Amino acid sequence: MELSTHEMDGGITRVELDGRMDIGGAAAVDMKMNLIAGSAKKLLIDLQKVTFLGSMGLRSIVIPARAVHSKGGKVVLYAPTEMVESVLKTSGIDSILPVHHDLATAIAALQ
Amino acid sequence: MSTISSPVAAMPAEDTAKHVSRLTLKSQLDDMALLWPWVEALIAQFAIPSDTAFAIHLCLEEAISNVIRHGYNGDPGHTLTVDCASPNAHEFVFTIEDQAPPFDPLEPEHIEELVEPSPEDFLRPGGRGILLMRKFASTIKYERIETGKGGGNCLTIRFVLPE
């Protein structure tokens, strides 16, 4: 599981996740995600390259997202695959963390 | 939920004949690293479609992590087995057996605690793993097995390939 970050215009932090968000993948990114959430106020979590998402992986997204929300920030999820999006919808997370497939719309939602 | 007399009785003779593979894991989350390659080998062997493969990975990860964290309560000194059977070309049945105290993951009282409960129900993982399994598996069945040696739990997760 790989994680990279890019600072975008408008104070947006884009976190690109790459790989399987299974138990091992979640453990691999947990600390980095929490560190990023500690400083980011507008977080775009790019899921394009996430090939698997289980409940532990969900937790690795939701806990840092909550940290951002708690300080008045915003978080969006960007471009999950069909199956990953199905996991997001089944768990109900999509009702709290909006999912966008268009980058411009995702960025606009963070403004 | 039903009670049966032995692990052998859990699997009808015709299913036993179509048993494909068994994976034995220690009751520690680290051992789950063995799960992915085992499932991948089955997926390759039977050319299982990608969506079903995703569902199998998802359900097995949820079910096995439940056994380790809740059934065995994090105690690493035990084992569990995962069996795969294929009664026909379109169906795969995974059976997870352990020797833990009675633990029915489908019962509401065993549903995972909220990580950070909040008025907005932000996380709502209570039942999240179970919700996912119910969504992605064709059927799930729990049975308590009484063997005379303390017994165990048996969770059967079935996947039917899309036509």
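**Chain B and its partner**

Author: Among contacts in chain B between residues at least 6 apart in sequence, 65% join residues at least 24 apart, where two residues are in contact if their C-beta atoms, placed from the backbone, lie within 7 Å. This is a predicted model, in which local features need pLDDT of at least 70 and side-chain atom pairs count only at pLDDT 80 or more, while totals for chains, interfaces and linings use all residues. Residues are numbered from 1 along each chain as its sequence is written, and chains are lettered from A and ligands numbered from 1 in the order in which they are written.

Reader: What does the secondary structure of chain B come to?
Author: Chain B has four helices and six strands, running β-α-β-α-α-β-β-α-β-β from the N terminus on. Helices (H or I, at least four residues) and strands (E, at least two) are DSSP runs, numbered from the N terminus.

Reader: And how much of chain B counts as buried?
Author: Of its 163 residues, 36% count as buried. A residue is buried if 20 or more other C-beta atoms lie within 10 Å of its own, exposed if 12 or fewer, and partly exposed in between, with C-beta atoms placed from the backbone.

Reader: Is α3(B) mostly covered or mostly open?
Author: Helix α3(B) is mostly covered, with 17 of its 22 residues buried. The helix takes in residues 50-71 of chain B, and its end C-alpha atoms are 30 Å apart, which agrees with the 32 Å that 22 residues should span at 1.5 Å a residue; the expected span is 1.5 Å times one less than the number of residues.

Reader: What sits on either side of α3(B)?
Author: After α3(B) comes N73(B), whose phi is positive, near 55°. In the loop between α2 (35-46) and α3 of chain B lies A47(B), which has a positive phi of about 50° although it is not a glycine. A47(B) is exposed, because it has 8 other C-beta atoms within 10 Å.

Reader: Can you show me one helix pair across the two chains, and at what angle do the helices pack?
Author: Helix α3 (residues 82-91) of chain A packs against helix α4 (residues 128-136) of chain B at an angle of about 125°, with their axes 9 Å apart. Axes are lines fitted to C-alpha atoms, for helices over the stretch in contact, and angles run from 0 to 180 degrees between N-to-C directions. The two helices are therefore oblique to each other, given that angles under 35 degrees count as roughly parallel, over 145 as roughly antiparallel, 65 to 115 as roughly perpendicular and the rest as oblique.

Reader: Which residues meet there?
Author: From α3(A), V87(A), T90(A) and S91(A) meet R128(B), L131(B), L132(B) and K135(B) of α4(B).
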